[in-house]
Amino acid sequence: MPKPIVTVILPAKDAGAFIGTTLTTLARQFDDPSRLRLVAIDDGSRDDTGAQMLHYGERFDHVQVIANTDPVGLAAARNQGIARVDTEYFCFVDGDDWMQPGRLEALVDTMRDLECDFVRTDHLAVTDAQRRHVRAPYPWRSVVSPARNAILPAEENSMVDYPYAWAGMFHRRVIDEGLAEFPTGLHTAEDRPWIWRLHLSDATFAVVDAPAILYRRGVSTSLTQVFDRRQLDFVPALAQAYELVDADRDADLYRPKIVATILAICSHHLFRARAMSAPHRAELRTGLRELLRPIPASELDAALARLSDRRRRLLARTVREVRRA
């Protein structure tokens, strides 16, 4: 039996309604199924997610199911999978998403041809019966480039605004260079410092075409649909990303981009804050002031000038408070 060539890291919590579809499509990725190794992490589910992982896992020649008694969060669960990668390539999939047949085999073939450290792809966003094609925001396809070249421009979407860990594949060199792990302790936005660290590195990448991965939106158990304290972890996540940029050898070049990203995300959460409890809104505003305080005033003003009127209005109070402080 051939050795597996790619490890799929599948963390899931309370995904029983969808994970059967995810696992079924993983079994259709290679003409020779033994080329895939599955590491599935049941992150303290209260439903039958773990049981389905064990049941569907019988279809795979190489499978490991990890059961966390208590939830550790998506970042830490992904790191559990990363620690068990023993193949040349690895990738991620979430428990409510799925893939078209042959996606992973196509990505392995492409990575062997391009000899880069990681590849990124478009995806299909699925909301009920609607599907929307979301393009990776990079103008060149199948062209190997330094990952740093995909950070700018500051005023447009770029690859650091496309943080989806599951939208691509990685060579294990990414693990060896210390670029794969996610920051623990964050319940949301853990992919923001992760994607910045990846693109600030000296790794090489390409955006490529492949059979689609389908991302299910609007799932009730997703943290994007929750309005509790866990949502506020985007603040320390963005603070970590800013620290990475500020310590970089080209900090002056990339700082306008991270500042623009911070302001855009902050305005989004201030709009959503109306659905939060009063204590959480107060904690949000305190966190935003701390997040914006290290940004040089001139760079903050320049980024604000590029925002829409609506976003500037949402941020106005917080910016005034930062300046008074």
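Buried here means under 20% relative accessible area, exposed means over 50%, and partly exposed sits in between (1.4 Å probe, protein chains only). This is a predicted model, so local features need pLDDT of at least 70 and side-chain atom pairs count only at pLDDT 80 or more, while totals for chains, interfaces and linings use all residues. Residues are numbered from 1 along each chain as its sequence is written, and side-chain values use heavy atoms, with hydrogens and water left out.

View A. Cys266 is buried, at a relative accessible area of 0%. Count the disulfides (pairs of cysteine sulfur atoms within 2.5 Å) and you get zero for the structure. Cys91 is in none: its nearest cysteine sulfur belongs to Cys116 and is 14 Å away. Cys91 also counts as buried, with 1% relative accessibility.

View B. Helices are DSSP runs (H or I, at least four residues), strands are E runs of at least two, and both are numbered from the N terminus. α11 takes in residues 309–324, 16 residues in total. From first C-alpha to last it reaches 22 Å, close to the expected 22 Å, where the expected span is 1.5 Å times one less than the number of residues. Even so, α11 bends by about 45° at Ala316; that bend is the angle between axes fitted to the seven residues ending there and the seven starting there. Its buried residues are Leu315, Thr318, Val319, Glu321 and Val322.

**View C. Where α11 meets α8.** The buried residues of α11 pack against α8 (251–272), α9 (278–292) and α10 (297–305); contact means heavy atoms within 4.5 Å. On the α8 side, Leu263, Ala264, Cys266, Ser267, Leu270 and Phe271 meet Arg310, Arg311, Leu314, Leu315 and Thr318 of α11. The α8 and α11 axes are 9 Å apart and cross at about 85°. Axes are lines fitted to C-alpha atoms, for helices over the stretch in contact, and angles run from 0 to 180 degrees between N-to-C directions. That makes α8 and α11 roughly perpendicular, a label for 65 to 115 degrees; under 35 is roughly parallel, over 145 roughly antiparallel, and the rest oblique.

View D. Leu152 and Pro153 are joined by a cis peptide bond, omega about 10°, and Pro153 lies in the loop between β9 (145–146) and β10 (168–171). Glu115, not a glycine, has a positive phi of about 55°. Find Glu115 in the loop between α4 (103–114) and β6 (118–120), exposed at 66% relative accessibility. Asp128 has a positive phi too, near 55°, and lies in the loop between β7 (123–127) and β8 (130–134). Asp128 is exposed, at 75%.
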